[in-house]
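Please look through the sequence and the 3D view before reading on.

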Amino acid sequence: MSGSATPTPAASTPPRSTRGRVTTAYLLTCAAIGVAGGVMLWGAGWISTVLFATVPFVSVAIAGLWLLPATVALRLLERPLAGILVGVVSGLVVFPFLGAAIWWAFFAELAFLVTLYRSWRTWQYYAGAVFVGAIYPVLAAASFNLWAMEPWALITFFALTIASCVAGVALGILVADRLRKAGVAKLARRRGLASRGLGRGAGPAGQH
């Protein structure tokens with residue numbers, strides 16, 4: 001036989017060792033963000049508990065902090081389930097509030113989950129913040145005796161919760177962009193989204 005098979009380009013499939021390094025970097029980055037977030041949420045959780053027992057109306061002013069760790073992870077890494085994973089790690093650190101940490105992380109991730117992680121636009125972070133800021137008071141209505149409030153107080157309560165969530169997301173985006181600019185977690189980030197037809201992000205990295 002005079003012909004020869006065309007060799008498969010070696011670059012088409014990343015070496016197993018490279019994939020392993022990426023996975024390790026991803027997990028370590030999520031763990032680091034989760035631990036740092038858990039330390040912050042430990043303080044936020046107890047402050048919120050005290051405020052809820054004394055001035056429950058004011059306790060929602062720090063609700064947005066619960067979105068911060070997952071937002072940092074999602075913005076920095078742009079990889080599926082990064083927010084949930086960070087939420088789990090944060091929850092383990094701040095164990096009495098494990099359920100709360102995972103619950104808020106889910107809503108930070110939801111805007112990307114519904115697009116099957118094909119889009120990473122900045123507005124999606126804020127859409128998730130507005131959504132959870134609007135739904136949280138409804139789900140916790142009994143705890144806050146929400147429907148007994150005067151109309152002005154009810155409107156203020158919703159506005160305060162939404163504003164807190166938007167502020168928490170904005171801070172998370174700021175932190176993640178600073179980390180990305182400093183070169184943190186470069187190996188762990190998702191690459192080549194646009195070139196592979198998997199959608200476009202809106203962050204400062206070259207693929208956006």
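## The largest cavity

Thr71, Leu74, Phe107, Ala108, Gln124, Tyr125, Gly128 and Val169 line the largest cavity. On a 1 Å grid over the protein atoms alone, a cavity is a set of points where a 1.4 Å probe fits but cannot get out, and lining residues have an atom within 4 Å of a point. The space in the largest cavity is about 40 Å³, where a volume is the space filled by probe spheres set on the points, and grid points are joined across faces, edges and corners. A search of the whole structure for cavities of 30 Å³ or more finds one. Rolling a probe the size of a water molecule over the atoms shows where empty space is left.

Helices H3, H5 and H6 each supply at least two residues of this lining. With three residues, H6 gives the most.

## Basis of the model

The model is predicted, so local features need pLDDT of at least 70 and side-chain atom pairs count only at pLDDT 80 or more, while totals for chains, interfaces and linings use all residues. Residues are numbered from 1 along each chain as its sequence is written, and side-chain values use heavy atoms, with hydrogens and water left out.

## The chain as a whole

The protein chain has eight helices and zero strands. Helices (H or I, at least four residues) and strands (E, at least two) are DSSP runs, numbered from the N terminus. Read from the N terminus on, the elements run α-α-α-α-α-α-α-α.

The protein chain has 208 residues, of which 42% count as buried. Buried means under 20% relative accessible area, exposed over 50%, and partly exposed in between (1.4 Å probe, protein chains only). The accessible surface of the protein chain comes to about 10,800 Å², and 71% of this belongs to carbon and sulfur atoms. These areas come from the Shrake-Rupley method with a 1.4 Å probe, and for residues only the protein chains shown count as cover.

Among contacts in the protein chain with a separation of 6 or more, 75% are between residues 24 or more positions apart. Contact means heavy atoms within 4.5 Å.

Why is H3 described as largely enclosed by the rest of the structure? The reason is that 10 of the 10 residues of H3 are buried. Among them are Leu68, Pro69, Thr71, Leu74 and Arg75. H3 is followed by Glu78, whose phi is positive, near 50°.

There are two salt bridges, a salt bridge being a side-chain nitrogen of Lys or Arg within 4 Å of a carboxyl oxygen of Asp or Glu. One joins the side chains of Asp177 and Arg75 (2.9 Å, N to O). This pair links distant parts of the chain, with Asp177 in helix H8 (residues 151-181) and Arg75 in helix H3 (residues 68-77), 102 residues apart. Asp177 counts as partly exposed because its relative accessibility is 23%, whereas Arg75, at 4%, counts as buried. Another salt bridge joins the side chains of Arg180 and Glu78 (4.0 Å, N to O). Here too the pair links distant parts of the chain: Arg180 is in helix H8 and Glu78 is in the loop between H3 and helix H4 (82-93), 102 residues apart. Arg180 and Glu78 are both buried.

Ser119 lies in the loop between helix H5 (98-113) and helix H6 (122-139). Is Ser119 buried or exposed? Its relative accessibility is 17%, so Ser119 counts as buried. The side chain of Ser119 makes a polar contact with the side chain of Gln124 (2.7 Å). A polar contact is a pair of N or O atoms within 3.5 Å; within protein, one must be able to donate a hydrogen and the other to accept it, and residues adjacent in sequence count only if both atoms are side-chain atoms. Gln124 is also one of the residues that line the largest cavity.

Ile162 lies in helix H8 and is partly exposed, with a relative accessible area of 24%. Leaving aside neighbours within four places in sequence, Ile162 is in contact with Val130, Gly133 and Ala134.

Note on methods
1 Å grid on protein atoms, 1.4 Å probe; cavity = no way out; pocket = protein on both sides within 12 Å on 5 of 7 lines; lining within 4 Å.
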